[in-house]
Amino acid sequence: LGKKKKLCYNLIEIERDEKMPKITIKVTLITPELTDEKTYNAIYHPEENSIIYKEEDKTTTKVSLNEKRLRRENEELLMEYLFAEEKNTKGRVTIKSLNKTLELNLKATKINQVDKNIEINYVLENDEYKYKLEVI
């Protein structure tokens, strides 16, 4: 019964997503090891002020613009970061197969948001990162 409910919920989400505004976004991620820039088709949810897109590896990413929350999920992992400028917070990464959640030290050093575009500079466990989402 639990699986049927989840399946119905997912179908409702898919139907709802099909009615939402479609946008094209450019996402840039700068890490200590690489700079990655990709373009995606995305869905904008105006009632939540959030953007959802699917990456090539079947990872679904949701950016909640009001909450400054970044959530990425695939079959193996669930990652959720809540950003607050110049404040220490905890990022959470759940390894699904082990049912274990790791908490990581997270600090946003700069958050710049204009409309649906957002740029976040942050430090995760002493490494500096930049995440940038632009509607194009």
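Which residue takes a positive phi in the hairpin of E3 and E4? In that hairpin, with 5 residues between the strands, Lys58 does so, near 70 degrees. The legends below start from the whole chain and then turn to single places.

The model is a predicted one: local features need pLDDT of at least 70, side-chain atom pairs count only at pLDDT 80 or more, and totals for chains, interfaces and linings use all residues. Residues are numbered from 1 along each chain as its sequence is written, and side-chain values use heavy atoms, with hydrogens and water left out.

**View 1. The protein chain has 1 helix and 10 strands.** Helices (H or I, at least four residues) and strands (E, at least two) are DSSP runs, numbered from the N terminus. The order of elements from the N terminus is α-β-β-β-β-β-β-β-β-β-β. The strands form a closed barrel of 10, running E1-E2-E3-E4-E5-E6-E7-E8-E9-E10 with antiparallel pairing. From one strand to the next, the twist averages 25 degrees; axes are lines fitted to C-alpha atoms, and angles run from 0 to 180 degrees between N-to-C directions. Of the 136 residues in the protein chain, 33% are buried, where buried means under 20% relative accessible area, exposed over 50%, and partly exposed in between (1.4 Å probe, protein chains only).

**View 2. The largest nonpolar core holds 26 residues.** Such a core is a set of buried Ala, Val, Leu, Ile, Met, Phe, Trp, Tyr and Cys residues joined through side-chain atoms within 4.5 Å. Ile25, Tyr53, Tyr81, Phe83, Tyr122 and Leu133 touch the most other members. Among the elements that give two or more residues to this core are strand E1 (22-30), strand E8 (100-114) and strand E10 (127-135). In soluble globular proteins, nonpolar side chains tend to be buried together.

**View 3. Strand E3 pairs with E2 and with E4.** Two strands pair if DSSP finds at least two bridges between them. E3 is largely enclosed by the rest of the structure, because 4 of its 5 residues are buried. The antiparallel pairing of E2 and E3 has 4 bridges, and in it Tyr44 has Ile51 of E3 as its bridge partner. Between these two strands lies a hairpin with 4 residues, where Asn49 takes a positive phi near 55 degrees. On the pairing of E3 with strand E4 (residues 60-64), there are 5 antiparallel bridges; Tyr53 has Thr61 in E4 as its bridge partner. Leaving aside neighbours within four places in sequence, the contacts of Tyr53 include Ile25, Val27, Tyr40, Thr61 and Leu133, contact meaning heavy atoms within 4.5 Å.

**View 4. Thr94 is found in strand E7.** E7 (residues 88-95) and E6 pair in the antiparallel sense over 4 bridges, with Leu78 opposite Thr94. Thr94 is buried, at a relative accessible area of 18%. Its side chain makes a polar contact of 2.9 Å with the side chain of Thr101. A polar contact is a pair of N or O atoms within 3.5 Å; within protein, one must be able to donate a hydrogen and the other to accept it, and residues adjacent in sequence count only if both atoms are side-chain atoms.

**View 5. Leu82 is found in strand E6 (residues 77-82).** Leu82 is partly exposed, with a relative accessible area of 33%. Beyond neighbours within four places in sequence, Leu82 is in contact with Glu67, Lys68, Arg69, Thr89 and Leu106. Leu82 and Glu67 are 15 residues apart in sequence, and their C-alpha atoms are 7.4 Å apart in space.
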